[in-house]
Every structure is written in C-alpha cells, then in structure tokens.
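This report looks at charged side chains that pair up in a protein chain. Have the sequence and the model open while reading.

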Amino acid sequence: MKDTTNKCTPKKLSILARCRALWKRARDALNVFYGDMPDMSILNRFYSEKMYFGHKIILWDILGEIRLREKKKDYITTLPGTLSSCFAPYLLGASDINPLPLHYRCPMCKRMEFVSDKALPWDMQDKPCECGAMMHADGFDIPYEMNYSGIHVSLTVDRDFLKT
C-alpha cells in the first residue's frame with residue numbers, strides 16, 4: 001500500500017503557487033488603493049477572506065479575465081451572487097463593487113476617510129484631499145457576513161425571464 005500523505009503532485013503545486021501569486025497580486029492592489037499601512041478594518045476584511053476562500057481566488061481570477069475581455073467588447077458583465085460582494089475580486093479587477101463601508105480615498109497620498117452617510121458612492125461628490133488631489137467616493141457597505149450566510153445562488157439562466 002502506498003503512503004499518500006504529504007505528497008503533492010506537480011499539478012497541485014502549480015495550483016498552490018498560482019493561489020499564492022494571486023493573493024500577492026490582491027495584496028499589492030490593496031497597497032495601491034490604500035497604501036502600505038491600510039486601516040485595520042480593511043486588513044481584517046482582506047485576511048478573513050483569504051483564510052475563508054483560499055484557493056477559490058483562482059475562480060475569481062478566471063472570471064475577472066472573462067469580464068475584462070467582455071468589457072473591451074462593451075459588454076456589461078457581473079459576478080453572480082455573493083462573489084461580487086467579496087473584497088478580493090474587487091482588488092483583482094473581477095468586480096466593480098467595493099464591499100467596504102462607504103469611504104473617500106485619495107489616489108495620490110492614499111489617505112482615506114470613512115463616511116457615516118448611508119448614501120452610495122455615485123451619489124457623493126469627489127472632495128479635495130489635503131495633498132491637493134481629489135478624493136474619490138467608494139464602498140457599498142456590504143457586511144462581511146453576507147459572504148458566509150449559507151445562501152446558495154443558482155447560476156442557471158431563467159429562460160422565461162429572458163423572453164419578457
């Protein structure tokens with residue numbers, strides 16, 4: 001009988017290496033958006049998703065590639081269900097929805113400021129930052145728990161809906 005414990009095939013190793021590379025890419029994007037010292041709540045969200053989703057980041061990357069290809073053809077594409085409310089797909093470019101609480105962020109100095117309004121980002125005007133650049137409104141305040149609520153979304157297309 002063969003001992004199969006702790007043996008990784010080259011295919012498994014390449015998948016693990018791709019996952020690590022994708023999480024690194026997401027972390028690099030986090031630094032681009034929020035700087036090298038982001039708010040602790042942002043880091044908590046990022047690392048909680050990393051711990052919970054792990055290897056599923058490959059799916060987000062594939063969907064992101066499809067989405068970007070379709071966007072070049074002027075098609076609107078979205079991720080199904082709770083996938084679009086996760087922070088990592090947003091960082092990878094697979095979703096336009098930033099699930100963090102509503103906030104302003106400066107693309108130049110990386111300063112950010114949470115907003116207590118219950119507005120949506122597109123309802124808010126950009127505002128000047130202390131560095132002179134314009135801060136952009138972002139965040140849809142989708143609670144972290146929405147991703148783990150146990151709700152399963154069907155990915156089948158409702159053809160009757162398409163006929164109307």
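D61 and R25 form a salt bridge through their side chains, with N and O 3.0 Å apart. A salt bridge here is a side-chain nitrogen of Lys or Arg within 4 Å of a carboxyl oxygen of Asp or Glu. D61 belongs to helix α3 (residues 57-72) and R25 to helix α1 (residues 10-34), so that distant parts of the chain, 36 residues apart, are linked. Helices (H or I, at least four residues) and strands (E, at least two) are DSSP runs, numbered from the N terminus.

D61 is buried at 5% relative accessible area, while R25 is partly exposed at 39%. Buried means under 20% relative accessible area, exposed over 50%, and partly exposed in between (1.4 Å probe, protein chains only).

## Basis of the model

The model is predicted: local features need pLDDT of at least 70, side-chain atom pairs count only at pLDDT 80 or more, and totals for chains, interfaces and linings use all residues. Residues are numbered from 1 along each chain as its sequence is written, and side-chain values use heavy atoms, leaving out hydrogens and water.

The structure has 11 salt bridges. One of them joins R105 and D138, whose closest N and O atoms are 3.3 Å apart. R105 is in strand β1 (residues 103-105) and D138 in strand β4 (residues 134-138), so the pair ties together parts 33 residues apart in sequence. Both R105 and D138 are buried.

E113 and K127 form another salt bridge, at 2.4 Å between the closest N and O atoms. E113 is in strand β2 (residues 112-114) and K127 in strand β3 (residues 127-128). Salt bridges with shared partners connect R111, E113, K127 and E130 in one network.
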